[in-house]
Amino acid sequence: MKNRVHTDGTKTRPMRALRRLELAVAGVRGVVRFNAPLKEYTSFHIGGPADVLVEPADEEDVVRLAKQTHEQKLPVFVLGGTNVLVRDKGIRGVVVSLAKLRAIKEEPGSILYAEGGVGMPTLIGHAIRRSLAGLEWAAGIPGTVAGCVVMNAGTRLGEMKDSVKAVRIVSPKGERIACPAEAIEFRYRRAILPPGVVVGVWLQLRPGVRSDIEKVVKDYLHYRRETQPLALPSAGCVFKNPPNDSAGRVVEAAGLKGTSVGDAHVSTKHANFIVNQGHASATDVLALIRKVRDRIAQETGIKLELELKVVGEA
Ligand SMILES: Cc1cc2nc3c(=O)[nH]c(=O)nc-3n(C[C@H](O)[C@H](O)[C@H](O)COP(=O)(O)OP(=O)(O)OC[C@H]3O[C@@H](n4cnc5c(N)ncnc54)[C@H](O)[C@@H]3O)c2cc1C
């Protein structure tokens with residue numbers, strides 16, 4: 001089988017595989033990048049290339065892409081980028097970013113409909129301007145609204161399941177599905193949804209007083225700045241909290257703050273954050289995670305589970 005040789009001289013995937021990728025993205029109106037370095041798309045600034053990265057222009061484009069990737073039997077991964085560690089060899093198949101699906105619409109009854117790529121900070125800003133309360137708990141979460149549903153993102157003030165009324169999904173075959181919150185099983189930092197791309201979320205908010213909403217948001221952002229290492233690239237919390245405890249407390253108590261592998265470093269400000277101090281690779285981060293987990297298991301018997309999603313090829 002013929003191989004395609006890239007300009008850097010490396011032998012890459014066979015021609016037939018490349019042809020399938022091309023057919024999958026044919027006619028897509030948004031941005032299409034082959035061999036796209038995913039470190040540019042993640043808050044960790046880490047990650048190898050996607051075979052192809054697509055930013056669909058709109059929902060119609062997502063439908064087209066879904067149908068064509070399904071026809072070509074290619075895997076699809078949706079990337080918001082703030083809770084993932086992409087391994088160093090990157091992701092095979094099609095990676096979808098909803099960066100262009102950013103519309104927010106208001107519906108009667110204090111409901112906001114946000115397209116999947118709307119960032120939580122933008123959404124909270126919109127809610128504040130419209131004096132709509134109910135999203136203050138999410139102040140400081142950098143992910144997309146869709147990623148926050150899939151992860152059931154949360155803070156000590158609340159979690160996504162408290163705000164979601166329904167979601168709109170484009171299924172792997174390209175069908176549009178509206179899924180009410182009652183049909184979603186929300187668990188600790190994950191939600192069980194029908195498969196597909198979450199392209200929009202209806203949020204049930206309530207009328208509030210703008211200055212009150214703004215105060216809660218500002219106070220919480222201040223608290224986060226004081227307690228989290230926001231000046232360096234990271235992917236938020238690495239481990240889920242063990243029952244009746246906090247992962248940060250457990251890691252700190254084991255004396256692991258400041259432990260490093262290469263440029264991957266357990267933050268000295270918040271022990272449940274690993275920060276990238278410059279050129280950390282995914283291999284460095286994974287080695288550091290292993291070190292922390294092994295020490296905690298040895299010393300306390302606690303088996304820390306990952307909150308971070310690790311994806312792609314090593
Ligand atoms: C500084 C910092 C602070 C953070 N603080 C918090 C916090 O307080 N609480 C918290 O819960 N999280 C926090 N996070 C983590 C992160 O922002 C959340 O987990 C968020 O929900 C991830 O959203 P995302 O869009 O980046 O999705 P990603 O992290 O890219 O993806 C997460 C999962 O969702 C899937 N996914 C994403 N979008 C879609 C979609 N449109 N359709 C289908 N599947 C999709 C992905 O495939 C992946 O499996 C923090 C992260 C950082 C960097």
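Which residue in β17 stands opposite V170? The residue opposite V170 is V197 in β17. This report describes a predicted model, in which local features need pLDDT of at least 70, side-chain atom pairs count only at pLDDT 80 or more, and totals for chains, interfaces and linings use all residues. Residues are numbered from 1 along each chain as its sequence is written.

Helices (H or I, at least four residues) and strands (E, at least two) are DSSP runs, numbered from the N terminus.

Strand β9 (residues 111-115) runs antiparallel to β17 and is joined to it by 5 bridges. Between β13 and β17, which also run antiparallel, there are 6 bridges.

| Residue | Opposite residue in β17 |
|---|---|
| I111 | Q204 |
| A114 | V201 |
| V170 | V197 |

A residue is buried if 20 or more other C-beta atoms lie within 10 Å of its own, exposed if 12 or fewer, and partly exposed in between, with C-beta atoms placed from the backbone. Because 6 of the 8 residues of β17 are buried, this strand is largely enclosed by the rest of the structure.

**The ligand shell**

The ligand is surrounded by 30 residues, of which the closest are G80, G143, A146, G147 and G236. A residue is near a molecule or strand if its C-beta atom, placed from the backbone, lies within 6 Å of it. Two or more residues of the shell come from each of β5 (76-78), α4 (145-150), β11 (154-155), β17 (197-204) and β19 (234-237). The largest share, 4 residues, belongs to α4. By class, the shell has 16 nonpolar, 13 polar and 1 charged residues. Here Ala, Val, Leu, Ile, Met, Phe, Trp, Tyr, Cys and Pro count as nonpolar, Asp, Glu, Lys and Arg as charged, and the others, Gly among them, as polar.

**Domains**

The assignment, which is automatic or from a database, gives domain 1 (3-96), domain 2 (104-212) and domain 3 (229-311). The C-alpha centres of domain 1 and domain 3 lie 29 Å apart. Their contact takes 14 residues from domain 1 and 14 residues from domain 3; two residues are in contact if their C-beta atoms, placed from the backbone, lie within 7 Å. On the side of domain 1 that touches domain 3, the largest share, 3 residues, comes from strand β6 (residues 84-86).

**The residue L304**

L304 lies in the loop between α7 (282-300) and β23 (309-311). This residue counts as buried because it has 21 C-beta neighbours inside 10 Å. Leaving aside neighbours within four places in sequence, L304 is in contact with F239, P242, A247, R293 and I296.

Note on methods:
Two strands pair if DSSP finds at least two bridges between them.
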